[in-house]
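Let's take a friendly walk through a protein model. Have the sequence and the 3D view ready as you read.

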Amino acid sequence: ERAEVALLAWALGRPERAIPLWLEAGAFTDARAHAEEAARLLVVEGAHGEAERVLVAVLESTDLPEADARRLRRVLVALLEDAGELARAAAQATALVEAGDDDARPVLARLRIATGEPLRAEAALEGAPATLEVGALRAELAYQRGALAEAETHAHALAAKAQAEGEAEAELTALQTHAKSQLDDMAEARRRFDRYAARARALGSARHEALALGGRGVAAIRARALDDAERDLRRAAALAEEADDPKGRALAWHNLAVVAHLRHRWGDAREAYEEALRWLRLLGHRASLARCAYNLGELYERLGALDRARAVARLGTEVGGGATLPPAAQAEGWVLRGRVELQARDAPAAEAAFEEAAEHLGVLDPSRRAAVALGRARAAMALGALDDAEALLGALPAELPDAQQAEAALARAELVRLRHGRLGRELPHAERALKAA
């Protein structure tokens, strides 16, 4: 009787009712035969949760042949990834790998990268077949380790090979890594992101076009071309929404928050950070969650709300996984703590925080490296280590964003005053600070 009701439910377009009824009736063959189609029908209707439940029920309730179990679990992984449930997708991909499916290794590695777990991504690729996709993932992981030259070289070669062989996803992934590996020459970085965006449009990938425009927006932020950055990032957010890509939306909103932050539009910055955190929680991307929290903490630090800044710094570390965070993300957390302790006039704590940041620098843009050096110099001055402060300030790059030029000039003025007293020798530095500000 249940099998007959299941058949009727299927005929009436109720796959979420049909599959459990077949399972209850012991009609495992029918449940197995219809499970994949049922999941696809439910996804079309937007019922991702029901589709997942159908597949999990079949996987757990029947003694499936290995080939069928592998096929259905692959469908489940793709479904969860499309729904933005990346941590759960990774758990299912792990089950495939543990069952001996080496073809699932690049899928698992891609998911581990997306959730901010580069070491686990590296481990997932051990034993993976040498495909273009695997090569592109290895280039991305080299970037995340801070081996920029290696990442850039591999990504450039892989993009050309993937294009020649018609492997669109591998080509676009390689183009993305090639573009973002250029941190120092912002004009060249923007040219690379332009090429990446053009190929994404030509290949009809709104998701990759959104990531390309977002990357170009970040390059514009580093060049302090904030109007260009905001325009690119708003377009990236719209394209990511069109592509239903939570990662693209999270990245675009996070960087729109940074733009508002740099413009001192505090209310806009807070709203954009909160929108970014909403999407990052859905993704489960630990490193990005931590970075977003640290940026929000920096906003509070700038406003003098030090208790809130400390609380957000702790939150960032907790949601990010603490010592398991990538080194660059850990460095950003230490920079925030150092700035907070400087404001609180706790020079030893500030010095310790900036020293930790220096040890974890990893892949950070030049302005972050300068922020660490400036923080260490200020802490050294507060502790009376004037020679150390002078050496740190002397090692700063000649070209810095205006805000950091002002901060560096003020620090030099303070250093001169500490060495020589108020004799007017600090005035040129103070004037340079005023001009930059």
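What follows looks at one helix, the nonpolar cores and some salt bridges.

This is a predicted model, in which local features need pLDDT of at least 70 and side-chain atom pairs count only at pLDDT 80 or more, while totals for chains, interfaces and linings use all residues. Residues are numbered from 1 along each chain as its sequence is written, and side-chain values use heavy atoms, leaving out hydrogens and water.

Start with helix H6, which covers residues 86–98. Helices here are DSSP runs (H or I, at least four residues), numbered from the N terminus. H6 has 13 residues and reaches 18 Å from its first C-alpha to its last, close to the 18 Å expected at 1.5 Å a residue; that expected span is 1.5 Å times one less than the number of residues. Its buried residues include Leu86, Ala89, Ala93 and Val97. Buried means under 20% relative accessible area, exposed over 50%, and partly exposed in between (1.4 Å probe, protein chains only). After H6 comes Gly100, with a positive phi near 95°.

**Nonpolar cores**

Which residues have the most contacts inside the largest nonpolar core? They are Ile221, Val259, Tyr273, Cys292 and Tyr300, in a core of 32 residues. Such a core is a set of buried Ala, Val, Leu, Ile, Met, Phe, Trp, Tyr and Cys residues joined through side-chain atoms within 4.5 Å. Among the elements giving two or more residues to this core are helices H13 (206–222), H15 (246–262) and H17 (286–302). H17 supplies the largest share, 8 residues. Apart from this core lies another, of 31 residues, with Ala51, Val77, Leu125 and Ala128 among them.

**Salt bridges**

The structure holds 34 salt bridges. Each is a side-chain nitrogen of Lys or Arg within 4 Å of a carboxyl oxygen of Asp or Glu. Here are some of them.

| Pair | N to O distance |
|---|---|
| Glu188 and Arg191 | 3.0 Å |
| Arg190 and Asp228 | 3.6 Å |
| Arg376 and Glu355 | 3.4 Å |

Glu188 and Arg191 are 3 residues apart in helix H12 (residues 186–202), so about one helical turn separates them. Glu188 is partly exposed at 22% relative accessible area, and Arg191 is partly exposed at 49%. Because Arg190 lies in helix H12 and Asp228 in helix H14, their pair ties together parts that are 38 residues apart in sequence. Finally, Asp227, Glu230, Arg234, Arg263, Arg265 and Asp268 are linked in a network of salt bridges.
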